[in-house]
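The sequence and the structure are shown first.

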Amino acid sequence: MEAHEIGIDGVEAGALEARIGLPQDVAASLVTGTRHRFRSGSESFDGELVALLPEIDATTRTVTALFTLPADVAPAGATVELAVERDV
C-alpha cells in the first residue's frame, strides 16, 4: 500500500465541505459514510465521505467526492489534502 495525497479546490463556507476530484478507480473503492484522513498545513483531521457525484469530469476524467469536515479545521477557501491508500 502506498499513501497518495490529492489536493482539493477549497473548503466551502458554512458547514465545511470539501469537493475533491478523484481518479475513477480511487472513487470506486470508497464507501459513503466512511471517515478519511485530511491535512491542512501541519494539522491532521478526519472528514466523512457524504457523496460521490455520478458525473465524470470530461476534462480530468475524475469523479467528484464530497466530504464534510470539522468546522474549526481550516478557514473557508483553504486548501486541504486527502490521504488515500491504494495498491500500485
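## His36 and its surroundings

In this predicted model, the side chains of His36 and Thr34 are joined by a polar contact of 2.8 Å. His36 belongs to strand β3. Its relative accessibility is 17%, so His36 counts as buried, the cut-off for that class being under 20%.

Apart from neighbours within four places in sequence, His36 is in contact with Leu30, Phe45, Asp46, Gly47, Leu49, Phe67 and Leu82. Two of these residues, Phe45 and Phe67, belong to the ring cluster that also includes Phe38.

## The aromatic cluster

A pair of aromatic rings is described by the distance of the centres and the angle of the planes. The Phe38–Phe67 pair links distant parts of the chain, since Phe38 is in strand β3 (residues 35-40) and Phe67 in strand β5 (residues 62-68), 29 residues apart.

Through these ring pairs, Phe38, Phe45 and Phe67 are linked into a cluster. Phe38 has a relative accessibility of 1% and therefore counts as buried; for Phe67 the value is 0%, so Phe67 also counts as buried. With residues up to four places away in sequence not counted, Phe38 touches Ile20, Glu43, Ser44, Phe45, Asp46, Gly47, Phe67, Leu69, Val80, Glu81 and Leu82.

The largest nonpolar core has 20 residues, of which Leu22, Phe38, Phe67, Leu69 and Leu82 touch the most other members. Two or more residues are given to this core by each of β2, α1 (24-28), β4 (43-56), β5 and β6 (81-86).

In a regular strand the side chains alternate between the two faces of the sheet. Strand β2 (residues 17-23) has a covered face made up of Ala18, Ile20 and Leu22. Its uncovered face holds Glu17, Arg19, Gly21 and Pro23. Strands β2 and β5 pair in the antiparallel sense over seven bridges, and Ala65 in β5 is the bridge partner of Ile20.

## Salt bridges

Side chains of opposite charge can pair when their charged atoms come close. The structure holds four salt bridges. One of them joins the side chains of Arg19 and Glu17, at 3.5 Å from N to O. Arg19 counts as partly exposed at 36% relative accessibility, and Glu17 is partly exposed with a relative accessible area of 22%. Both residues are on the uncovered face of β2.

Another salt bridge is formed by Arg35 with Glu48, whose closest N and O atoms are 3.9 Å apart. Arg35 lies in strand β3 and Glu48 in strand β4, so the pair ties together parts that are 13 residues apart in sequence. Glu48 is partly exposed, its relative accessible area being 28%. The side chains of Asp46 and Arg37 also meet in a salt bridge, at 2.9 Å from N to O. Asp46 counts as partly exposed at 30% relative accessibility, and Arg37 is partly exposed with a relative accessible area of 41%. Asp46 is also among the residues in contact with His36 and among those that Phe38 touches.

Key: Residues numbered from 1 in each chain as written. Predicted model: local features only at pLDDT ≥ 70, side-chain atom pairs only at ≥ 80, totals over all residues. Heavy atoms only, no water. Helix = DSSP H or I, 4+ residues; strand = E, 2+ residues; numbered from the N terminus. Buried < 20%, exposed > 50% of the residue type's maximum accessible area, 1.4 Å probe, protein only. Phe/Tyr/Trp six-rings, centres within 6.5 Å; stacked < 30°, edge-to-face > 60°. Pairing = 2+ DSSP bridges. Core = buried A, V, L, I, M, F, W, Y, C linked by side-chain atoms within 4.5 Å. Contact = heavy atoms within 4.5 Å. Polar contact = N/O pair within 3.5 Å; in protein donor to acceptor, adjacent residues only side chain to side chain.
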